Amino acid sequence: MHADVHHLLHTVASAELRSRSGEFRLPRTSLRARVGWALVEVGLRLTAQSRDAAATAPRTAAFHPA
């Protein structure tokens with residue numbers, strides 16, 4: 001296949017994909033909102049881990065210094 005034909009086919013295919021991708025594009029949200037929700041998600045994961053770790057922590061006998 002000649003380079004010109006290959007380039008032309010690639011250009012046509014990419015233009016078609018670009019035009020069809022508008023249907024599937026999510027609405028843009030502000031960076032501040034995305035970062036905020038990411039921090040909320042991280043916080044929820046950290047609290048869930050600390051609760052799980054406290055529930056499964058082994059109970060030890062009281063410490064009595066000698």
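**Exercise 1. Work out what share of the protein chain's residues count as buried, and how much area the chain exposes.**

Step 1: Start with the cut-offs: buried means under 20% relative accessible area, exposed means over 50%, and partly exposed is in between, using a 1.4 Å probe and protein chains only. Step 2: Go through the 66 residues of the protein chain, and you'll find that 0% count as buried. The chain exposes about 6900 Å², with carbon and sulfur atoms supplying 64% of it.

A quick word on the model: it is predicted, so local features need pLDDT of at least 70 and side-chain atom pairs count only at pLDDT 80 or more, while totals for chains, interfaces and linings use all residues. Residues are numbered from 1 along each chain as its sequence is written, and side-chain values use heavy atoms, leaving out hydrogens and water.

**Exercise 2. Count the helices and strands.**

Step 1: Look for DSSP runs, numbered from the N terminus: helices are H or I with at least four residues, strands are E with at least two. Step 2: The tally is 2 helices and 0 strands.

**Exercise 3. Find the salt bridges and say where their partners sit.**

Step 1: You need a side-chain nitrogen of Lys or Arg within 4 Å of a carboxyl oxygen of Asp or Glu. That gives 2 salt bridges.

Step 2: Take R20 and E16, whose closest N and O atoms are 3.8 Å apart. These two are 4 residues apart in helix α1 (residues 3-21), so about one helical turn separates them. R20 is partly exposed at 45% relative accessibility, and E16 is partly exposed at 44%.

Step 3: Move on to R45 and E41, with closest N and O atoms 2.7 Å apart. Both belong to helix α2, again 4 residues or about one turn apart. Here R45 counts as exposed at 54%, whereas E41 is partly exposed at 42%.

Terms used: Accessible areas come from the Shrake-Rupley method with a 1.4 Å probe; for residues, only the protein chains shown count as cover.
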